[in-house]
Amino acid sequence: MSEKTIQEEIQSIIPDLFPTLEPEFDWELVKNFYEFLKRDNEKGGFFSRNDSEKILERHILESLIFVWKLKSTGYVSRETNVADVGTGPGLPGFLFALLKKPPHVFLVDSQKRKLALLETEIESGSLSKIKKRVDFVYARTEEISSNFDVVTSRAMVPYPYIAEVTARMVKQKGILCPFLAQPYQDLEKETEVLTNNGFLMKKEIPIPELEFVGKRHIKILQKNSLPKKGYPRDWKEIVKETKSKNG
């Protein structure tokens with residue numbers, strides 16, 4: 001019996017949604033990225049032992065749906081500069097580069113161990129045809145001053161402090177789109193952190209399509225003004241606050 005294609009594997013997990021996703025992505029590249037993650041997982045320490053059994057549904061598929069949501073709701077197009085911070089081996093941000101009409105993607109991580117393996121794969125391996133769509137930035141997020149249209153992140157810094165860490169990266173009227181699991185309960189703290197760093201909550205996008213892995217949603221935070229004086233703070237101050245907050 002022949003092996004399933006990646007499209008067939010994904011279709012078996014999300015049969016209702018797959019016909020909507022199928023025309024959006026370059027499936028040969030999705031397959032090559034999946035093969036790369038499996039092959040280099042041990043070398044790069046991408047996933048825990050438990051997670052490495054579920055790379056397709058917990059990482060590829062989650063990221064595909066996140067990317068599709070942002071594109072289908074009009075937040076990302078060919079003209080967009082997207083930066084994915086704390087991207088590790090390229091999750092979720094690299095999946096933007098696998099769209100048939102991709103934006104320009106910047107993958108940001110201060111640690112080279114994971115991301116440099118993806119860069120090598122793009123330079124001279126199975127993903128080389130998208131070389132021009134992707135840039136690699138090896139730097140700490142809080143030290144980057146730039147003008148990105150869209151900044152994405154999946155579990156790099158606890159929410160809402162991701163807004164403080166990325167405040168210098170997002171351009172005026174640009175958006176920060178954290179990819180989150182459980183709803184954040186402390187609305188007072190959320191408002192305080194967002195306001196101090198110049199952000200305004202525009203909307204929340206639920207992702208019922210991912211309920212088979214748990215609750216997932218995206219927040220759309222628009223940078224409406226410059227941060228208040230004294231913000232963003234030093235990284236160690238932010239860490240101290242997130243630790244006291246999380247006990």
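These legends accompany several close-up views of a predicted model. Residues are numbered from 1 along each chain as its sequence is written. Because the model is predicted, local features need pLDDT of at least 70 and side-chain atom pairs count only at pLDDT 80 or more, while totals for chains, interfaces and linings use all residues; side-chain values use heavy atoms, with hydrogens and water left out.

**View 1. Phe 36 and Phe 46 form a tilted ring pair.** Rings of Phe, Tyr and Trp (its six-membered ring) pair if their centres lie within 6.5 Å; planes under 30 degrees apart are stacked, over 60 edge-to-face, and the rest tilted. The model has ten aromatic pairs by this rule. In this one the centres are 5.7 Å apart and the planes stand at 50 degrees, so the pair counts as tilted. Phe 36 belongs to helix α3 (residues 27-44) and Phe 46 to the loop between α3 and α4 (49-52), so the pair ties together parts ten residues apart in sequence. Helices (H or I, at least four residues) and strands (E, at least two) are DSSP runs, numbered from the N terminus. Both Phe 36 and Phe 46 are buried (under 20% relative accessible area, 1.4 Å probe, protein chains only). Ring pairs also link Phe 33, Phe 36, Phe 46, Phe 47 and Phe 94 into a cluster.

View 2. Tyr 159 sits in the loop between β4 (148-154) and α7 (162-165), and Tyr 184 in the loop between β5 (170-180) and α8 (187-196), so the pair ties together parts 25 residues apart in sequence. Tyr 159 and Tyr 184 are both buried.

**View 3. Take a look around Glu 142, in the loop between β3 (134-137) and β4.** Glu 142 is buried, with a relative accessible area of 14%. Its side chain joins that of Arg 140 through a polar contact of 2.7 Å (a pair of N or O atoms within 3.5 Å; within protein, one must be able to donate a hydrogen and the other to accept it, and residues adjacent in sequence count only if both atoms are side-chain atoms). Leaving aside neighbours within four places in sequence, Glu 142 is in contact with Val 165, Arg 168 and Trp 235 (heavy atoms within 4.5 Å).

**View 4. Seven strands make an open sheet with mixed pairing.** The order is β3-β2-β1-β4-β5-β7-β6, where two strands pair if DSSP finds at least two bridges between them. At the edges stand β3 and β6 (199-206), each with a single partner strand, so one side of each is left without a neighbour in the sheet.

Terms used
Buried means under 20% relative accessible area, exposed over 50%, partly exposed in between (1.4 Å probe, protein chains only).
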